[in-house]
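Dear colleague,

Please find below the structure that I am handing over to you, followed by an account of what was found in it.

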Amino acid sequence: TELKSAQPSVKVKMTVIASSGIIAKVEILKSTGSKLLDAQVIDAVMQAKLESIARVDRNITYSFIHVLEINNPL
């Protein structure tokens, strides 16, 4: 039901710890229109891990913005 009324994409800003690739923070910049679905997107992105950058101080982070397309799994 939530998916039917939601926008088909969400724009997020991710902050990544460069040395480990761990996503430390996720912010919704453009909502799906559903608080429940937005929360699920944040949870899913926080569980992801990006490729680490070798020989970088572990205090260095970087941020980037990405648009995620939401597809109906059924």
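In the protein chain, 64% of the contacts with a separation of 6 or more are between residues 24 or more positions apart, where a contact means heavy atoms within 4.5 Å. Please note that this is a predicted model, in which local features need pLDDT of at least 70 and side-chain atom pairs count only at pLDDT 80 or more, while totals for chains, interfaces and linings use all residues. Residues are numbered from 1 along each chain as its sequence is written, and side-chain values use heavy atoms, with hydrogens and water left out.

The protein chain holds two helices and three strands, in the order α-β-β-α-β from the N terminus. Helices (H or I, at least four residues) and strands (E, at least two) are DSSP runs, numbered from the N terminus. The C-alpha trace spans about 45 × 25 × 15 Å along its principal axes.

Of the 74 residues, 26% count as buried; buried means under 20% relative accessible area, exposed over 50%, and partly exposed in between, with a 1.4 Å probe and protein chains only.

The largest nonpolar core comprises 11 residues: A6, V10, V12, M14, V16, I23, V26, L37, V41, V45 and I70. Such a core is a set of buried Ala, Val, Leu, Ile, Met, Phe, Trp, Tyr and Cys residues joined through side-chain atoms within 4.5 Å. At least two residues of this core come from each of strand 1 (9-17), strand 2 (22-30) and helix 2 (35-47), and strand 1 gives the largest share, four residues. In soluble globular proteins, nonpolar side chains tend to be buried together.

Leaving aside residues up to four places away in sequence, M14 touches I23, K25, V26, V45, Y62, S63, F64 and H66.

One aromatic pair was found in a search of the whole structure. Y62 and F64 form this pair, which is stacked, at 6.3 Å centre to centre with 25 degrees between the planes. Rings of Phe, Tyr and Trp (its six-membered ring) pair if their centres lie within 6.5 Å; planes under 30 degrees apart count as stacked, over 60 as edge-to-face and the rest as tilted. Y62 is partly exposed at 28% relative accessible area, and F64 is partly exposed at 29%.

Finally, R55 lies in the loop between helix 2 and strand 3 (61-69). Phi of R55 is near 55 degrees, a positive value in a residue other than glycine. R55 is exposed, with a relative accessible area of 86%.

With kind regards
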